Structure formats: C-alpha cells, structure tokens
Amino acid sequence: MGWAISVHGGAGDIPLSLPPEKRLPREAGLRRCLDVGIAALKAHNHPLDVVELVVRELENNPHFNAGKGSVLTTSGTVEMEACIMDGKTMKCGAVSGVSTVVNAISLARLVMDKTPHIYLAFDGAEAFAREQGLETVEMSHFITPENIERLKQAQEADRVQLDYTQPIQKEVPKDAALADGDSQIGTVGCVAVDNEGNLATATSTGGIVNKMVGRIGDTPIIGAGTYANHLCAVSATGRGEAIIRGTIARDVAAVMEFKGLSLKEAAAYVIDQVPRGNAGLVAVSSTGEVAMPFNTTGMFRACATEDGYSEIAIWDSPTK
Amino acid sequence: MGGWAIAVHGGAGVDPILPNERQEEAKRLLTRCLDIGISALRSNLSAIDVVELVVRELETDPLFNSGRGSALTEKGTVEMEASIMDGPKRRCGAVSGLTTVKNPISLARLVMDKTPHSYLGFAGAEEFARKQGVELVDNEYFITEDNVGMLKLAKEANSILFDYRIPTLTTCGGGAAMENQLQMNGLPISLYAPETVGCVVVDKQGHCAAATSTGGLMNKMTGRIGDSPLIGSGTYACDLVAVSCTGEGEAIIRSTLAREVAAVMEYKGLNLHEAVDYVIKTRLDEGKAGLIAVSKNGEVACGFNTTGMFRGCATEDGFLEVGVW
C-alpha cells in the first residue's frame with residue numbers, strides 16, 4: 001500500500017517533432033502539478049481535495065486544454081466541462097457548458113457537495129456558480145492566441161471535408177496534427193489514492209476544437225471519461241465519442257472486478273479495445289498501483305508513488 | 001431462442017395507492033406502444049428505427065414524464081433529455097436541455113446520424129434542431145395541468161423535508177401531505193413522477209437498440225441533467241444486449257446501471273435474466289430504480305427494486321405482458 005498519484009494533460013497525435021517551446025512548458029506544468037499533488041498527499045489531504053487542487057492548477061495553466069487555454073467552439077467561444085468522483089462514497093459531480101467560471105472542477109465539486117444532483121449544465125450551472133460565490137470572469141480570460149489559431153486551421157481543414165448534414169464516420173479519427181505540431185485533442189485529469197485506500201478522480205476540459213456549440217464530450221459522463229469506486233480511480237482522455245461508446249473509465253474497474261485482472265492489465269485491456277489513435281487514461285488502484293496506457297502517438301502524463309518512484313513522459317511505451 | 005423481442009417502460013417507482021383508473025390508462029398506453037413496436041418489427045424495421053418510433057409515441061402522449069407531460073423544473077418550465085444507442089458499432093446520440101423540440105428522441109437520433117458528436121445540450125441542441133427542421137413548439141405545449149399541480153405540492157413537501165439527504169423514516173412531521181412514507185429522491189412517491197420512458201428492441205437480425213426519454217426530476221434545478229441522456233447510465237446497447245433504465249437518476253448514474261447489465265454478461269458470462277437480477281440486487285445500494293433489457297438471442301427481462309414499474313414486453317414466439325406491479 002501507500003499513496004499514489006497520476007496526472008495527465010491530454011492524449012493525442014503529439015508528433016515526435018514537437019518543438020521545445022511547446023514541449024517544455026507542458027513538461028514543467030506536469031512537474032509542478034505532480035509536486036503540488038505529492039505535497040498534498042504527504043500532508044494527509046483527502047484524495048478528493050488533492051485531485052481538485054491539482055486539476056485547478058492544470059486549468060490555470062494556459063498550455064493545457066482546460067480552463068485557461070481551452071480549445072474553442074465553432075463560434076469561437078469557450079464551453080468547459082469537468083467531473084469529480086469519490087471512490088469510497090461513489091459521490092460525484094459534473095458540469096458542462098461553463099463559460100465564465102475560472103475553475104470548472106471546483107464547480108463540479110460544489111454540485112456534488114451542495115446540491116441533490118450530480119450534473120448541472122449551461123445557464124443552470126453558471127447561475128449556481130454565482131449563487132455559490134465562485135470566481136467568475138469574462139470569457140475572454142480563457143481564450144489564448146494559440147487556440148484562436150487552432151480554430152482557424154480546423155475550420156479551414158473542415159471546408160475541404162464534409163459538412164454537418166452528411167453522415168460522418170465517427171470511427172475514423174479526423175484530427176490530423178496541425179501545421180504547428182499541436183494535437184487537437186486534450187483534457188486534463190488527476191487520480192489519487194492515499195495510504196488508506198481512499199480513491200478519487202477529477203477531469204476537466206475545453207472539449208474539441210471547432211466543436212458544435214452545446215457539444216458535450218466524455219469528461220462529464222460518469223463511466224466514460226471519469227470514474228472511481230473502491231477498486232480504482234480513472235481519468236480518460238482522447239476522442240470523446242469513442243470514450244463514451246466504450247465506457248472506458250467504468251470498464252477498467254469492471255474488468256478488474258469481473259475478470260480479476262490487475263490495474264495495469266485491466267487498463268491496457270480496455271485501451272486495446274478502443275480503435276487506435278483514440279484514447280489514453282491514467283488510473284490508480286486502492287493498493288497504490290499506477291497505470292497510464294494510451295493508444296495515441298503520445299499522452300502528456302506524470303505519476304508518483306510513495307516508495308519514491310516518479311515519472312514524467314509524453315511518448316515512450318504505449319501500454320504501461 | 002432467436003427472433004425479435006421488445007420491451008417498453010413508463011417509469012419505475014409507482015405510488016401504491018395510485019387510483020385504478022390511472023393504472024388502466026397506463027396499461028392501455030403501454031399496450032398501444034407495444035403494438036406499434038410489434039407491427040414495425042413484423043414489417044422488418046431495424047431495432048434502431050423501432051425504438052425511436054415507440055419512444056416518439058410515449059413522448060407525444062401526456063401520460064408519462066417525457067415530451068408532453070414532462071415533469072417541471074423549479075421554475076415551472078420543461079427541460080427534456082433523451083438518448084438512443086445502436087448495438088452494432090455502439091453508435092449513440094443524446095440531447096439535454098430541450099425546451100421546444102416536440103420529440104427529443106428524434107433529435108438524439110439526428111445527433112447520432114448527422115453530427116460528428118454524441119451529445120448536444122441546451123442552446124446548441126436547440127440551434128441544431130432548428131437547422132435540421134424538426135418540429136418545434138412553445139414550451140407551454142409540454143406543460144400539463146397535472147404537473148403544474150404536482151410542482152406546487154413538491155415545493156411544499158420540500159419545505160417540510162428541508163434537506164432531502166436527511167433520511168426521514170417513520171416520524172415525519174409533514175402530516176397530511178405524507179400519508180405514505182415511500183420516497184424517492186427526497187420526495188413523496190406521489191409527487192416524484194419518475195415516469196421516464198424507454199424502449200429496448202432486438203430485431204430479426206439479432207441487432208439490439210435502446211432509447212430513453214424524460215422531463216427529469218420534478219422541481220429540479222434548471223440545467224440539471226439526470227441519467228437518461230448518459231450513455232452507460234440510463235441507456236446502453238451493444239452486440240449482446242440493450243438496456244433502458246428509470247428511477248432515481250443519481251443512483252442510476254453512480255452505478256452506471258445500463259452498462260452494468262452488459263458488463264456482467266460480457267465479463268462474467270451471465271445470461272440476460274441472471275445479469276438483470278444481479279445488477280438490481282447488488283448495484284443499487286440505497287437507490288431505487290428499474291430497467292428493461294433484451295438480448296441478441298431474443299430474450300426480454302425487466303427488473304426493479306421499487307414498488308412497481310410501468311412496463312410491457314413481447315417476443316416473437318407470442319409472449320406478451322403488460323404490468324405495473
């Protein structure tokens with residue numbers, strides 16, 4: 001046993017030629033968030049507080065697709081979503097369509113703690129945020145020049161493709177890496193377990209570039225992008241539609257329970273079932289194991305365990 | 001074994017003192033929907049078309065809590081949600097926060113068929129509906145007198161119950177409004193209106209599909225999303241099975257109920273009946289819910305841990321049953 005923590009900053013077609021000015025700030029961001037999480041665990045904070053804290057850090061970092069730095073909808077706006085779950089109590093909270101709340105993950109936490117509901121969205125979520133006195137800002141706060149550029153490129157690429165009135169094959173991932181070498185996919189997440197086996201998970205995202213206004217992805221859907229129970233805590237990233245249909249996060253726990261696989265085996269098994277190039281996840285088990293499998297080119301990730309092991313990586317072995 | 005099968009539901013959690021007349025009305029509607037589905041199956045429509053057709057019928061009828069007849073938000077408005085899933089390839093579509101779309105399940109189908117996404121909500125979903133030219137009506141169309149009355153009572157009950165999370169067991173000071181102690185989601189069962197609707201079908205080709213639609217929880221906060229539009233919670237379909245759930249939304253989400261049935265079949269090798277039984281008995285804890293399911297082999301099953309569930313099912317070999325308790 002012992003505590004363990006894992007963090008991700010998105011899985012996708014991250015090219016090996018990613019220039020240092022794009023790679024270094026993200027590695028530094030992951031390192032910083034990992035340290036924040038480790039310190040919190042060492043100080044005996046509950047994993048639920050730890051994952052919220054770490055995801056807040058990632059949301060505030062403009063290099064990741066969550067909070068500030070969120071990708072843009074087809075209208076050039078920001079619609080963020082987030083989700084948090086406690087493995088022991090199975091309590092959870094989720095939000096979607098958030099455009100002015102600085103930390104969507106904290107809003108999700110409040111939905112869990114302060115309402116009889118699990119999931120609030122759009123105007124209702126925004127109104128609740130104000131009632132609760134959460135920090136809100138103009139939407140422009142979240143928009144970065146890089147994302148304006150990403151949207152422009154995505155819309156140009158789209159003009160060559162089909163328009164929305166034609167049936168689209170969802171199975172084929174259509175996110176070609178953009179000219180500047182950045183993957184369009186991204187989400188942030190954190191999973192943690194303390195040395196008593198308490199588990200928690202949190203995920204937050206701006207969604208996918210050029211998404212239809214009102215599009216909801218896998219992140220706020222319990223069992224798809226986010227899930228925790230007494231066995232493990234999982235946070236997934238990748239193409240939302242594939243993660244939803246594969247109920248990825250739930251399946252890791254189900255495979256552990258029903259097939260008796262270890263966390264690493266279960267996580268690898270589940271990712272293997274998803275078409276290549278579509279998903280990755282981070283997970284920790286109640287006994288302090290960590291798994292970070294992905295079937296995309298890369299996944300920004302980091303982890304640490306109480307026995308001193310720690311790692312920060314982008315590419316390398318796809319199924320760990 | 002083999003052949004088509006269909007099940008429909010109009011909600012789990014029935015007031016034990018529901019007047020006979022209401023029970024008969026419900027059974028008539030369920031029978032009518034079953035007939036529509038059976039007819040469609042005999043005409044070789046695919047599972048995905050049949051579930052949409054049947055749920056449209058349930059949405060249009062004001063009796064249950066979907067489409068017209070939806071439960072009301074705390075503001076007295078209607079916000080509807082729905083999801084649909086096609087077993088082969090597990091394609092899915094979902095919508096939430098609809099206020100003018102006459103048939104939410106059909107919009108969910110369009111999300112699945114006509115967009116690169118799986119789920120659209122609120123203003124974005126309404127905009128998509130407009131662009132697709134689906135039938136739109138005023139929000140008032142969905143509001144029934146019955147539900148306006150229920151909302152008023154629900155608000156009164158809530159002010160007596162003060163905090164739904166505090167278990168109100170035997171001694172409850174509510175007096176007249178609390179004749180029977182049965183509660184779901186913190187409301188007396190007579191006011192809860194958990195009558196989400198759903199349909200699951202396996203067609204002659206062995207393809208499964210599921211669809212669920214609802215107005216949600218009576219007196220809910222605006223923007224509240226329940227289990228019905230969440231794939232894996234209220235709705236799920238894969239090669240093996242199709243499931244539609246109803247009851248306490250939060251409990252269904254926490255237990256990812258619909259996916260659970262499929263997961264135990266897939267990973268533990270249980271058959272449909274064993275799976276439904278197992279999931280209802282062990283996965284709900286304090287939560288109250290029910291579900292209907294069909295397997296690719298033409299079997300049909302329902303399970304619930306509530307006092308009743310409005311349901312109907314039929315199989316190709318002539319089995320047909322409509323029930324409340």
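In what order do the strands of the open sheet in chain A come? Hi everyone, let's start there. The order is β7-β8-β9-β10, an open sheet of 4 strands with antiparallel pairing. Two strands count as a pair if DSSP finds at least two bridges between them. Strands are DSSP runs of E with at least two residues, helices are runs of H or I with at least four, and both are numbered from the N terminus. At the edges stand β7 (226-228) and β10 (290-291), each with a single partner strand, so one side of each has no neighbour in the sheet.

A quick word on the source. This is a predicted model, where local features need pLDDT of at least 70, side-chain atom pairs count only at pLDDT 80 or more, and totals for chains, interfaces and linings use all residues. Residues are numbered from 1 along each chain, chains are lettered from A and ligands numbered from 1 in the order written, and side-chain values use heavy atoms, without hydrogens and water.

Now look at β8 (residues 232-238) and β9 (residues 279-285) of chain A, which pair in the antiparallel sense over 7 bridges. One example is Thr237(A), whose bridge partner in β9(A) is Gly280(A).

Last stop: Lys259(A), which lies in helix α7 of chain A. Is Lys259(A) buried, partly exposed or exposed? With 39% relative accessibility, Lys259(A) is partly exposed (buried is under 20% relative accessible area, exposed over 50%, partly exposed in between, using a 1.4 Å probe and protein chains only). Beyond its neighbours within four places in sequence, Lys259(A) has contacts (heavy atoms within 4.5 Å) with Ala254(A), Tyr269(A) and Tyr267(B).
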